[in-house]
Amino acid sequence: MSVADRVSIQTADFDLSTEVARLREQDKGVGAVCSFIGTVRDRNDGQAVSAMELEHYPGMTEKAIEAMIDEAFRRFQILGARVIHRVGPLQPLDQIVLVVVSSAHRGQSFQACEFLMDYLKTQAPFWKKEETPAGARWVDARVSDDAALARWGIQAGNA
């Protein structure tokens with residue numbers, strides 16, 4: 001999979017089985033594939049959420065995620081990785097993000113997938129706005145997300 005195929009920022013939905021097949025066909029040594037899909041919830045911080053909008057900085061966002069994937073390749077024995085992140089207006093139950101990692105053995109795929117998701121939650125340049133009964137609000141990174149990233153030895157500095 002070329003570097004350009006590792007990251008997609010898009011408004012369109014994605015299909016898990018298609019993305020897993022793309023990753024698996026790149027290397028016959030793949031013995032494990034781990035994936036994570038994040039979806040829009042209808043509640044956050046105790047408030048109803050009727051919609052969400054995600055914004056990003058084109059070019060900068062892709063470059064930041066590419067660097068995260070490069071770091072995952074340095075830390076883990078993985079064979080491939082793909083991140084898809086949606087932007088634009090989204091509704092509860094819509095898919096937001098997909099992280100797929102392949103490796104020879106399951107442990108490396110699990111770890112790299114979790115590492116990438118922890119990294120994305122705090123370091124990827126996305127801005128999230130939620131629509132609530134009280135009006136629209138921008139959502140900040142959570143302290144718990146920073147703590148999840150810190151276990152990998154990376155300080156987020158979002159607090």
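Student: What makes the span of helix α2 (residues 60-75) close to the expected one?
Tutor: The expected span is 1.5 Å times one less than the number of residues. Helix α2 has 16 residues, so 22 Å is expected. Its first and last C-alpha lie 23 Å apart, which is close. Helices (H or I, at least four residues) and strands (E, at least two) are DSSP runs, numbered from the N terminus.

Tutor: This is a predicted model: local features need pLDDT of at least 70, side-chain atom pairs pLDDT 80 or more, while totals for chains, interfaces and linings use all residues. Residues are numbered from 1 along each chain as its sequence is written, and side-chain values use heavy atoms, without hydrogens and water.

Student: Which residues of α2 are called buried?
Tutor: T61, I65, E66, M68, I69, E71 and A72. Buried means under 20% relative accessible area, exposed over 50%, partly exposed in between (1.4 Å probe, protein chains only). The buried residues of α2 pack against elements including β5 (51-56) and β9 (126-132); contact means heavy atoms within 4.5 Å.

Student: Why are β1 and β2 (32-39) called edge strands?
Tutor: The open sheet has the order β1-β6-β8-β2, with mixed pairing. β1 and β2 each pair on one side only, so they are the edges. Two strands pair if DSSP finds at least two bridges between them.

Student: How do you know that β1 and β6 pair?
Tutor: They share four bridges, in the parallel sense. At least two are needed, so they pair. In β6, H85 is the bridge partner of I9.
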